[in-house]
Structure formats: C-alpha cells, structure tokens
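Here's a quick briefing to read with the model open in your viewer. It goes chain by chain, then turns to a contact between chains and a few local details.

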Amino acid sequence: MKDIAIVAYQQSDGVSDAGAVNEVELIMPVLDRTFEQARLDSAQDVDFVCSGSCDYLQGAAFAFVAGVDALGAVPPIKESHVEMDAAWALYESILKIRMGHADSALIYGFGKSSPGELPIVLSQQLDPYYLAPQWVDSISLAAMQARLMLDQGLITERDMAEVVSRSRRNARSNPHAQLAGDVSPEDVLAQETYLSPLRKADCCPVSDGASAVVIATVEKAKEWGLPYAIISGIDHRIETHNLGMRDLTDSVSTRTAAEHAGMHDGKVDVAELYAPFSHQEIILTRALGLGEETSINPSGGVLAGNLMMASGLSRIGEVFNRIVSGEAQRGVAHTTSGPCLQHNLVTVLEKA
Amino acid sequence: MANLAAVVGVGQTKYTTKRQDVSIAGLVREAAVNALQDADLGWDDIDAVILGKAPDMFEGVIMPEVYLTDALGCNGKPMIRVHTAGSVGGSTAIVAASHVQSGTFRRVLTVSFEKQSESNAMWALSNPQPFSTHLNAGAGGYFAPIIREYIRRSNAPKDVGIKVAVKDRLHGARNPLAHLQKPDITMQEVEESFMLWDPIRFLEACPSSDGACAMVIANEELADKAAKQPAWIRGVAMRSEPTTFAGRDEVNPQAGRDCAADVYKQAGITDPRKDLDCAEVYVPFSWYEPMWLENLGFAPIGEGWKLTMEGATSLDEGGDIPWNCSGGVLSSNAIGASGMIRFAEAARQVRGDAGDHQVEGAKLALGHAYGGGAQFFAMWVVGSEKP
Amino acid sequence: MSQPDVLNQAFELGFTYTRSTGPVIGRFFTELRNRNIVGIKASDGRVVVPPMEYDPDTAEELSEFVEVGQQGEIVSFAWVKEPREAHPMDVPFAWAMIKLDGADVPMVHCIAAANESAVATGARVQVVWADETIGYITDIRCFELL
Amino acid sequence: MSEEQEVVTVVKSPIYLKYNFTAGAAPARFLAQLKKGKLTGQRRAEPGAPVYSPPRGSCPASGRPTEQEVELSDKATVQSFTIVYIPIPGNAIEPPFVVANLVADGANISFIHLMSECDNADVHIGQRVQAIWKPEEEWDYSMDNIRYFKPIDEPDVPVEKIGKLSVTGQED
C-alpha cells in the first residue's frame, strides 16, 4: 500500500459562541489557511474532499450541503461526507488513496454547537426506545462512568484534577484553546461538584469551530515540497450500544484499534486523546498502555476546547504539528464517538 | 490500481408505507440478514460495516450507527456512517467498496435504510430555519421548475412524464419487493391523478417508503469462491457541485456528466446505450428519466424523451436499454436506501438473479444515485465478468 | 461593508415520532403497562434489562424473556444538582445504573432522592410506577431508595 | 401478560429540541437591508464577479467570501416556476399558488418567491415581475417584507439573457 502523509492542518479558535457566522463562514477561513499552508489554490487542487458534521448540532438538515459552498466546487469535485467526526472522513479518504483513486485529499470537520443544548441533543443518539425518551444527557452518562472508576479505586478525584490541570497548562501554548491557564489540581479540587462526581472542569466546554487537514501520498508530498508526517496506521472499532454490557472503566475498542493500527511497533512520543471528560483520558491512557515517555495532550486536548465533529480530526492535526516541528518522532491520535467512549479511532503518525 | 471487488450478496426488505412490525434495528437487520443469506455467510465472515442513510431527522435518531451496532453484529468491528443526501445509498456502496478495493478489508457488509413512517418526510426536508423563506414545498417543489425548464428546452410532448410513470410501475409490478404494485396502471390514470407541483402529478412522483437494502462486498479471492455469481465492480465514481451558482445548468448538471464520464472510462464504456445492458437510475419524478438519459449520455441533448417514447427503456416493450426494471424510485422510495437499491438492483441483473424483472443475459449494468439539488452524484458499473 | 446586526431567533425542532417497536421492545413495553419488568437472556445466559433485540457478542436474535424483580441495586450514579428542562424531574435527582434483582446487566434510569448523600453505590432501590402506565419506558416514573 | 390487552406495537416519541439560531454575517447584512426595504446581493470584490441574492456567505463557484454589497432592483425575471397544489407545512397560503424562481435585476442567481395578481395559466419563463411590498411599518428582517411578485407590462426577457440583466433591467 502507498504511504500516506499529512501535509497541512489548521483549526479555528475554539469559541463558546461563534455568533453571526454560518457554516460556510465558519469553514472558509480555516480552508483558506489550510490551502495556504499546503500551497494550494482551492479544493480543485486535491483529488478528493471529505467532511464530517452533524445536522442536529445546529438543528438544520443537510448542514454539510452548505459546506460545499466553501469549496469552490466548480467544476465539480470528487466529494463525500460522513455524519461523524471528520476523523472518519480522513479514514474514508485514506481508503480512496489506497485504492488508487486519489493521490491527495482535503478533509474538514465543523460544528456550531452553541445554538442547541449539546448534552441534551446528544441524548438523542442513545437507544431510541429505552434511553433517548428519558433524555439522559451525555455528561450524566460520563459522570456514572467516572463514579464506577472512583468506587473501584481505579482513579481518585485528584487523578482527575491533575488531568484538568495539565490540560489547562498545556493549552497556554495553544493559540486556539478556549480554556487555558495556570490551574493547579488543588484549584480544581476546590471547585464544587457540577454533576457529581464530575466538576465543571472535568468536562470539556462546548465550542464552535472547524478544522481541516490535507493528506497526500508521500510521492505527492515530496513533489509539493512540503514538510509532512506519515500516517503509518489507522483503525477504528465500535462497541455494543448497551452501556450496561460494556466495562465502562476500560476501552476495549481503543485497545483493539491501537493494536490494529500498529501503535505498539515503536515508541510513542506524543498522544492526543479525544477525552471529553478528565477520567476518560485516564481510561484511554491505560487502554493504550501509554507511560512516562509519552507527552499526553500537549495541545490541552478537548478539555481546552471541543469542536464537535472536528475535534477528532484536530487530534490528528495536533500530532502532525508536533512531528513536523521536530518535537516528536512518533505519535498517536485518538478520536471517539458515542456515549462513554463507545466508538474509537486510533491513528499512528511518524516522522518522515 | 484498485483491488478487484464484487458484490456477493444482496438483501432487501419489502418496501412499504409503514413497517409497523419491526423496530428501526429490526428493519435494518432484515436487509442485512437477507444479504448474508444470499451470500451464504454469517456475521463472523464480515470484517466491517458501512451504514448509510439520509438526514437523521427522518427517524430522530442522531448518528444511528451508535444504536445499530448490535443489530448489525458490529461489536468490536469498524463501523462507519455515510451521509450525502439522496445519493447516500450509492455513496455508501462506493465507500463500502473502497474498504475492499483499497486492500484494507476482505469482506464487508453495507446497509442503507430509511424508516420514513417514523416521521414525515415533508416535515424533515422542509423544516424552516429562522429568517428563511418558508416556501419550500418538499423535494417536488424544488424540482418542478427544473423539469419545466427541461420541457421548454427539449420541446418534449407533455405525456413523456406520464409514460415513464406507467413504465416504471409496470416494471415494479414484476418486482415483489416494490412498494407500489400497480400492474393495471394506465396513461389515463396517471394523467388524471392529482397535480401536486405543476408539472408533477401525484403518480409522477415517488412514494414515501420504509425499507432497507444491504450488500456484501468481497475481494477477488473470496468472490471467486462465492456461493452465487458475483457482480464485479467495474467502476465507481462520485461528483459534487454547489446547490446553486451563477450559470449552473440545473437541468443537465455538469457533476452528473462528469461522474458518468468517469465511471464509463473505468468500465471501458464508450457508448452507454450500446455497451450497457440495463441501468438502475435515480428517477424520483418521472421527468427525470429523459433528463438523465441525456445527462448520462444515453441520448443526445434534447432527445432523451424520444428514447422513453420509443419504449427503449421499457422491459415490457422489449426496449434495447431497459431502465429501472425493479420499478425504480417511482415504485419504492426509502430515501436513504434508494441509491443503494439502484446499485444492488444493477448487481442483481448481472448476477442473473433479478427474478421477473431480469433483463435476459444482462452482463453490464449501471447503478446511479443523485441527491441534494441534483448536485451529488454516485455511480457504479457492475459486470458479470471479471475485468 | 458595515458590521451586520446580530440576528437571533429561538426555534424548536420538534416532531412526535411514531415508533414501531418490533416484538422484543413491544413485549417489554406491554409488560411495563402491566407493571411487570422483563429482561431477555443473552447468548451467554446473562439476563439483560431492558431486553435487547440482538446479542452484542454473537449478533443472534434474542427471544427468551425472563421476569425480573422490581427492586435492585445501584451500580453507579450521577447526581443532577440542576435538572435540565428536558430531564424527567424538575428537582435534584440521580441518574443511575441499576441492576434489578434477577438481572445481570444494569439499566439506566432515574432515582428520586432528597439529596446526594442519600444515594450510594450498592444502595437498594425499587420501582415507582407512573400513575397511568401506557406501555412506554416512562411507565417507570423513577426508582426510589429503600 | 394479561390476555385482554393488546400487545404494544407502536409508541409515540415526542422529540422537541430548542435552538437559538443566529443568522450568518452575510445573511444578516442582507436581512438588515430588507428591513429598510432594499433588496441587495453580494459578490466577491472583483470586477464582473457574479452577484448572489440572497447571499449565503460565499460565492459557491469559487468558495470565496462575497465581501461586496450590491443594491438590486425589485424588478425580476421568471427563470422558472411551479404551481403548487398542496399546502406547505407551517404556511397559511391557499393552494394553488405559484412559486417562482426569480432573478432580480442586477443579480445572477434566482431566489424563490410567490407570484400573485396573475392568472396562473399565464405565468411563463422570461416574464417580468415586480415586488409588492408590505406596508413599511411591517418591515422586518425577512424576505416576507415582499408579499409577492406581480407581472409588469414589460417585454419578456429572452431565455439566454435571464440572470444577466443589470440593475437597470438592461442587458449587462
């Protein structure tokens, strides 16, 4: 199979409310910067375009159709869309390149979550007979997961606070972060609980924004003369939708995906994990077997800003940034979907 | 070059207004089980599942792959959800094929569905946003002016749409799975049916159906050993263009022309009317048959309606290039599945497995889907012979 | 160009969906209407409540119903200090994973309790039925502590 | 299970989600002008760039922002139309009514709006129409400020010129 490389990544600032900005206005500036970085004029210069979005975030059917208006798709382009995080759009694009139908692809994800009540909106992705009608919000489900871990002595509240503290501190060097600052674990623990056992700081914020990535075959990346990182492995797995039948203190699907993506074939210098809640970062770190040698969420992760439908793609982009800057030789990016880490995608990136 | 891949199993539900006997999972499952049985395979033989459907608002279940994991035997496997509006069934089949054509997987299951009776398609498609005009009278209201412009350009006689409406329902009467069963339909009945969006009459429009369609796609090694004749994938293509832009040809969209040219090139087709034995083309409003006959290169510009009127696209009239032998979207329209039904029915034809709507000796067939404002296109060509 | 006015407008995206249940969910709801709770036996023998249609491990269709108790044990919970408008209660309450007597797999439902300290993992709870049961998940209004 | 009761096969599931919609910047500018009784379009800040109305933020053909505002005439040409015989959900208008794709003079793209004060059978492609506005005191951030378009006594526009007229109604 052809080696595939990432050559560009851009993200908008994570903001709690993007205000008077529609989908196309959210996407265009990010694509502009992405094209500039990849030295492309428009989406006409890549062989395939794929995006990720969710209609229910802003409450309008066909949100992705507006996205096409940002692409300059005249003459027509090869284009597709997943109603998932754009990391899966990247996955679809990789298959397209592997089968020889493209040498390059633009991938973007976007979400304007601020118009709705996101935790309640997400309750409607649960079992439509047993759970959705109860309006069990996504934060409450995560809180139950955290308590299982606390009760079983797998984590302490301090462990969770340390995750938050590191996220906020790391985010200070991320210009797009929504929440950043010199926050100590003690500061976090001093907060009252929000959805016990979670504190507000244990939960990612709601953010509006978009991100984009350009990938290409290594030959193409060389031809373009751009710095790149190689995608050496990618795999994703989903688990049963019955929360009661999963071991919520572990992420079996993340572990399986990492094995299939070849994560353990070398040292992992950096990991960007899509953990919307602090305790989930610990679950993921353990499922992936990451230790001291790995810098976890140097961007601050999604606790510093969660661009629904783009955050997973951004994790991949953040690892790319560390590798091309020379800070890391090899890294892993993780993406999740569904309640309590039901569906997980793992991407392994390496220095060229 | 892409690895070879073939359809080795096809499964569908019966299409009907309301499937009140099953849950959403039960509906999807039924098509998937039928496809596995057709392929003589079990759940363990499947490496990944690729799911497609139109907007989540139809059923009010957000990202339904999350809930459908267990119904599709996906626990521990990769699962992906495609959404490209009305073309989604076709796009989903293409994404599924790419799982195999890329060499990444050996055998995958793909499923598309819509359980439209859970809500109301008109509501889900026309739900107005603040500050926007509320004149969107469903898909028909959108496409009717484009059809009117086609009629003006082509000078087609008024009864072309009526003829297609009759022809596809007569085809549908041969297909026990088709939603509308109208073996006695007449031109007069269509002409006298209620005008909805002039020039589209009630019987010139598709029904609203519940249903699901599934396929098993395997690599060359497994397809060679398949239980039944495989349908080899000879070409796949997708194209998109914006909904509107200055100078856009809405009647004959370039995205459709480009997509067809791409898929024909891959399949070695130079004259689609001659080289293909039949086609399953997304025709939700009857007038789209002559429009797509031109867009897809089966007829010169302005002359698509002549093929229709000559009976070239009719199985019953012994036409040389039968279109929509299954009855097409005009006979069954479970929106998210409709594109995949076209792809699957093309596969059934070249597998020689299309029952009473079989085109005798069909070797090469086109599957076509379109969506949005006729701006998203997905097509594949399947053949009985390995390329 | 001038700065645009910021134009906000609230709207509701709403529909009352008609859901056909199929035999498994239909049986569960029918039993709820009669104030009974049934689970279903998974391929490995575990009793799952509410009953799943398909086994997560084998993908097989499930059909062996088992009546379970109306009391059970809290496996985990989240304390909702400030209920959201969509939530089933307008006073503080707990979401919980509850393992009913006779079941092997916990279900998610809500618990009415005076305050957070009254709720604990391992605590026993019992069903509070809705005044009128109609054959829906909300026939279980909530659980209460024993 | 009690014998006399029917088995549950269908349930009602109300799903009502609340959103607070904020119009995008380009539509907001367009709507603010409508509130003043002006129909506008927008285009890329390049000579000859196509004019979009209503603007959605980008020139879809190029994917570039439409940064320049252009005032349009409230006269328009029928690009195509349909006569709708069924009610629109949430709209009180009585069928049959004409919904037309109209291109305002000075714009290069059509929008949809109602046509009235006309015989439905006489409506045709290329027909000239003009906006009938609500009274000024009812103007809001809405295209509904224009009640409908009605035919005017001007010669039909040849099909190849539709979408290419200047704001004065002349060939561009």
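**Chain B and its surroundings**

In chain B, 79% of the contacts between residues at least 6 apart in sequence join residues at least 24 apart; two residues are in contact if their C-beta atoms, placed from the backbone, lie within 7 Å. Keep in mind that this is a predicted model: local features need pLDDT of at least 70, side-chain atom pairs count only at pLDDT 80 or more, and totals for chains, interfaces and linings use all residues. Residues are numbered from 1 along each chain as its sequence is written, while chains are lettered from A and ligands numbered from 1 in the order in which they are written.

**Chain B overall**

- Chain B has 14 helices and eleven strands; helices (H or I, at least four residues) and strands (E, at least two) are DSSP runs, numbered from the N terminus.
- Its radius of gyration is 19 Å, close to the 21 Å that the globule rule gives for 387 residues, so chain B is as compact as a globular protein of that length. The radius is taken over C-alpha atoms, and the rule is 2.2 Å times the number of residues to the power 0.38.
- Along the principal axes, the C-alpha atoms of chain B fill a box of roughly 55 × 50 × 45 Å.
- Buried residues account for 73% of the 387 in chain B. A residue is buried if 20 or more other C-beta atoms lie within 10 Å of its own, exposed if 12 or fewer, and partly exposed in between, with C-beta atoms placed from the backbone.

**Chain D overall**

- Chain D has one helix and ten strands, and along the sequence they run β-α-β-β-β-β-β-β-β-β-β.
- A compact globule of 172 residues would have a radius of gyration near 16 Å, but chain D comes out at 21 Å.
- The C-alpha box of chain D, along the principal axes, is roughly 80 × 40 × 35 Å.
- Of the 172 residues in chain D, 47% are buried.
- Among contacts in chain D between residues at least 6 apart in sequence, 58% join residues at least 24 apart.

**Where chains A and B touch**

- Chain B puts 51 residues into the contact and chain A puts in 49.
- On the chain B side, the elements that each supply at least two residues include helix H2 (65-68), strand E8 (231-240) and helix H9 (254-267).
- The largest share of that side, five residues, comes from H3(B).
- The chain B side divides into 23 nonpolar, 21 polar and seven charged residues. Here Ala, Val, Leu, Ile, Met, Phe, Trp, Tyr, Cys and Pro count as nonpolar, Asp, Glu, Lys and Arg as charged, and the others, Gly among them, as polar.

**Helix H1 of chain A**

- The 16 residues of H1(A) (residues 23-38) should span 22 Å at 1.5 Å a residue, and the end C-alpha atoms are 22 Å apart, which agrees. The expected span is 1.5 Å times one less than the number of residues.
- Its buried residues include A:Glu23, A:Leu26, A:Val30, A:Thr34 and A:Ala38.
- Just after H1(A), A:Arg39 takes a positive phi of about 55°.

**B:Pro322**

- B:Pro322 sits in the loop between helix H12 (304-310) and helix H13 (328-331) of chain B.
- It counts as buried because it has 26 C-beta neighbours inside 10 Å.
- Leaving aside neighbours within four places in sequence, B:Pro322 is in contact with B:Cys278, B:Thr313, B:Ser314, B:Leu315 and B:Val359.
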